[in-house]
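Thank you for making time this morning.

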Amino acid sequence: MTAHDFIPNTYKSSIEKGSVTWESPSNIALVKYWGKKKDQIPENPSLSFTLDNCKTITTLSFAKRTNDDTDFSFDIYLDGELKDDFKSKIQTFFDRVEVYLPFLRIYHFVIETQNTFPHSSGIASSASGMSALALCLMSVEKQLLKSDGVQGADKNALDEAYFNRKASFLARLGSGSACRSIEGDVIVWGETDCIEGSTDLFGVKYPYKVHENFKEYQDTILLVDKGEKQVSSTVGHNLMHNHPYAQNRFQQAHQNMDSLKEILESGDLNAFNALVESEALTLHAMMMTSTPYFILMKPNTLEIINKIWDFRQETGLHISFTLDAGANVHVLYPKNESEEVLQFIKNELVAYCQNGHFICDQIGFGAKLIDNE
Ligand code: DP6
């Protein structure tokens, strides 16, 4: 498949107006995406667990435009409040996806969005936000195709598999990690030899056996720092260009995908913990060794990591951590150890969270259509 396959045959855009609502989850990468080429193509493969509770709910309303203005026309609201500062991000997104969604200039759009997690929690909303918007746009396309009475090759465009692939493809053009937020529960993005069907173009469901140990795997997110990100992820990714360790890192990600495949099959939780922690620290090591360099961990991030290591040593429980491009810590553990681990989190780790805030989440099953009028 190539990007070209997502360009539809022209449709008539005969629908006057409508509205659609999707809810789409965030995801947590175990093998990290860090570094990209032109057109949001990742430098290395990544693998993530789709989350269940951390979601964005987006309603997209559309109405045919009456004026002849040729610019995109849209308004965006977060929690009912007009957010003009989000406009440039959506404008860039529309510019990138227009060739794949030729109806974008024909309608005026109202995008109403809300997150189930507190904003300014330091949790990236770009994955859930961009995937929710991409799904809404796909539903509009589907309605347009249907109303045209699609025939022949275009019939493929109504398949669920095609719908999900194109939604992921579009989400990727909004934010790389968003392409892993369409489906559950384990997703791979980026071509790698050990995973059949993996591609740089969109996320695919992990196609091999996953051991029972990972069923309902838990992710408790400790909110260490709710401030604005010091560095945007796009700037961070770009620092991998000419980075002295970049090529080794990209190669290591392929090897880690290979190792993780064995781990997911065998259910070896010790090996799992070693791999995900190494990935998290490597991500931060890349940031610390780029030019310019930066440190996104906070003192409390390190306190938490050390506490997790001590607790694991003392109890033999299978708790580990991973990090995104920020100070918050994702604490990972199997469902059957939840009781002891949650007690530990409440007794020992909450003290390091800003205002004692944390969010309990677990592996989830992907985005859901809520409403389609
Ligand atoms: C550290 O997907 O936010 O979370 O493509 O520039 O929008 P853009 O980047 P983004 O990068 C996220 C990187 C990460 C690791 C990961 O999720 O794989």
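Helix α4, which covers residues 233-238, gives the most to the shell around the ligand, with three residues; helices here are DSSP runs of H or I with at least four residues, strands are runs of E with at least two, and both are numbered from the N terminus. Before I go further, please keep in mind that this is a predicted model, in which local features need pLDDT of at least 70 and side-chain atom pairs count only at pLDDT 80 or more, while totals for chains, interfaces and linings use all residues. Residues are numbered from 1 along each chain as its sequence is written, and side-chain values use heavy atoms, with hydrogens and water left out.

In total, 17 residues surround the ligand, the closest being Y33, K36, S175, G176 and S177, where a residue is near a molecule if one of its heavy atoms lies within 4 Å of it. Sorted by class, the shell has five nonpolar, eight polar and four charged residues; Ala, Val, Leu, Ile, Met, Phe, Trp, Tyr, Cys and Pro count as nonpolar, Asp, Glu, Lys and Arg as charged, and the others, Gly among them, as polar.

A polar side-chain atom of K36, in turn, lies 2.7 Å from a ligand oxygen. The protein covers 94% of the 460 Å² of accessible area that the ligand has on its own, as computed by the Shrake-Rupley method with a 1.4 Å probe.

Turning to the chain as a whole, it is divided into domain 1 (3-203 + 365-372) and domain 2 (217-362), with bounds that come from an automatic or database domain assignment. Their centres, taken over C-alpha atoms, are separated by 27 Å, and the contact between them takes 32 residues from domain 1 and 42 residues from domain 2, contact meaning heavy atoms within 4.5 Å. The ligand shell draws at least three residues from each of these domains.

Finally, consider N273, which sits in helix α6 (residues 269-288). N273 counts as buried because its relative accessibility is 3%, and buried means under 20% relative accessible area, with a 1.4 Å probe and protein chains only. Leaving aside neighbours within four places in sequence, N273 is in contact with Y217, R312, H318, I319 and S320.

Conventions. Polar contact = N/O pair within 3.5 Å; in protein donor to acceptor, adjacent residues only side chain to side chain. Buried < 20%, exposed > 50% of the residue type's maximum accessible area, 1.4 Å probe, protein only.
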